[in-house]
Amino acid sequence: MLGTPGQLGGDLVDEGVRQGHEMLGLTQWDCDITDGPAVERAIATARPDVVINGAAWTQVDAAEGHEAEAEAVNATGAGLVASACAAAGVRCCHVSTDYVFDGTATSPIPEGATPSPRSAYGRTKWHGEVAVRERCPDHLIVRTSWLYGRQGPNFVLTMLRLAAERSQLRVVADQRGAPTWTGHLAPAMLRLLEIGPPGTYHLTNSGVTTWYGLAVAVIKARGLAVEVVPITTEEYPTAAARPAYSVLDNLAWRDLGEPPLPGWEEGLRAYLSSLDAG
């Protein structure tokens, strides 16, 4: 697993161990994916059956002013990992994002929809997908969205932190997506690695909400006396354009005969319980 510790990487390693798999998590200091020979050495040393690449430049707004640096990790690095996997005869699983789409859809987006990213982050992640497809025939590309997990940072933890500091939270209410808990995503990805033919898959919790709706659910679940006020995207400008609609249709997953992932509300409840359990 490349890209540990991290929200998804940590849960993937832990879930794999729980299922009885031998898991190895590598940090960016253990293996810099922009260094081709280093990636090749890491794979040759570990001799894995599968490499999951969760390493990425994920600072969405910062990528607008540092697109070359984001490209080096999200695209060039992804391609180097895929090339090394192909040379070693190892399956490559690459983690991607809803940001490869432009946000103009009005219904859940299937895997075959044409990407049209609007941000530097989205462009670099799309270039990474292209590189993985071109360089490693035995690949799985897993797109997910609105991810949150125990390691943070993430939206849920940010809302809890701000709620402890303020009496009012102003949250964007005109961007729609599917919040996804890593505790549900990790076992689904491991299952996909076992049964899925090469290709692109969308994996998210079920259901749809807005950032405002997610914030309200967080505050309500914690019983906090904090007012959550809906605002528009225009009222909260950011360097990078956010997709207005990025609900991913998990069609390819369902076509494998697998049940949809639980609803986002269930994921949130389970996540908050996991935080309470330490």
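**View 1. Glu15 pairs with Arg18 in a salt bridge.** In this predicted model, the closest N and O atoms of the two side chains sit 2.6 Å apart. Glu15 is buried at 13% relative accessibility, while Arg18 is exposed at 61%. (Buried is under 20% relative accessible area, exposed over 50%, partly exposed in between, with a 1.4 Å probe and protein chains only.)

**View 2. Asp11 meets Arg150 in a salt bridge.** Here the N to O distance is 3.2 Å. The pair links distant parts of the chain, 139 residues apart: Asp11 is in helix α1 (residues 7–18), and Arg150 is in the loop between β4 (147–148) and α5 (155–163). Helices (H or I, at least four residues) and strands (E, at least two) are DSSP runs, numbered from the N terminus. Asp11 is buried at 13%; Arg150 is partly exposed at 39%. Asp14 joins these two in a network of salt bridges.

**View 3. Asp138 and Arg91 form a salt bridge.** This one spans 2.8 Å, N to O. Asp138 lies in the loop between α4 (120–135) and β3 (139–144) and Arg91 in strand β2 (residues 91–97), so the pair ties together parts 47 residues apart in sequence. Asp138 is partly exposed at 29%, and Arg91 is buried at 12%.

**Notes for the views.** Residues are numbered from 1 along each chain as its sequence is written, and side-chain values use heavy atoms, leaving out hydrogens and water. Local features need pLDDT of at least 70 and side-chain atom pairs count only at pLDDT 80 or more, while totals for chains, interfaces and linings use all residues.

Key. Salt bridge = Lys/Arg side-chain N within 4 Å of Asp/Glu carboxyl O.
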